[in-house]
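Biologist: I would like to go through this chain with you. Could we begin with the terms and then turn to the model itself?

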Amino acid sequence: MPYFQAFLRFPIVSISLLRCSYDDRLKKILPTSHTVEMKEQVERHIALLEKRLTAGIGEEELRIFSDVLKKMQENMELTERGNRYG
């Protein structure tokens, strides 16, 4: 059983650090219940936004869009390496 618990507060995320009872060098980082709730809320908002953005767009269209984006990303990576035109 951990004998020490400290709470760190960041602007968005809260975590708790638990010191290990058998080794002071070990720490366990855990999200607080508030952080878990925030994560779930963000996931719900992302799902809702994705649903709104893709409304009326078929699976084939989304697949093509995804493929084109991947190719564009590859082109950008080539450009970053100095090969401007693939």
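Modeller: Accessible areas here come from the Shrake-Rupley method with a 1.4 Å probe. On that basis, the chain of this predicted model exposes about 7,900 Å².

Biologist: Which elements does the chain have, and in what pattern?

Modeller: There are 2 helices and 3 strands, and along the sequence they follow the pattern β-β-β-α-α.

Biologist: What is the span of helix α2?

Modeller: Helix α2 covers residues 59-80, and its 22 residues reach 32 Å from the first C-alpha to the last, close to the 32 Å expected. After α2 comes Gly82, with a positive phi near 100°.

Biologist: Which residues form the nonpolar patch on the surface?

Modeller: The patch consists of Ile64, Phe65, Val68, Leu69 and Met72, which together have about 470 Å² of accessible area. Of these, Phe65 lies in helix α2.

Biologist: Changing topic, which element has the lowest mean pLDDT?

Modeller: Strand β1, residues 5-9, has the lowest mean at 43, whereas α2 has the highest at 93. Over residues 1-10 the pLDDT is below 50, although this stretch has 25 contacts in the model beyond near neighbours in sequence. Where pLDDT is low, predicted coordinates should not be read in detail.

Biologist: And what is the mean for the chain?

Modeller: The mean pLDDT is 82, and 81% of the residues reach 70 or more.

How values were computed:
Residues are numbered from 1 along each chain as its sequence is written. This is a predicted model: local features need pLDDT of at least 70, side-chain atom pairs count only at pLDDT 80 or more; totals for chains, interfaces and linings use all residues. Side-chain values use heavy atoms; hydrogens and water are left out. Helices (H or I, at least four residues) and strands (E, at least two) are DSSP runs, numbered from the N terminus. The expected span of a helix is 1.5 Å times one less than its number of residues. Patches are made of residues with over 30% relative accessible area and no salt bridge: like charges are joined within 9 Å, nonpolar side chains (Val, Leu, Ile, Met, Phe, Trp, Tyr) within 5 Å. A salt bridge is a side-chain nitrogen of Lys or Arg within 4 Å of a carboxyl oxygen of Asp or Glu. pLDDT is the predictor's confidence in each residue, from 0 to 100. Contact means heavy atoms within 4.5 Å.
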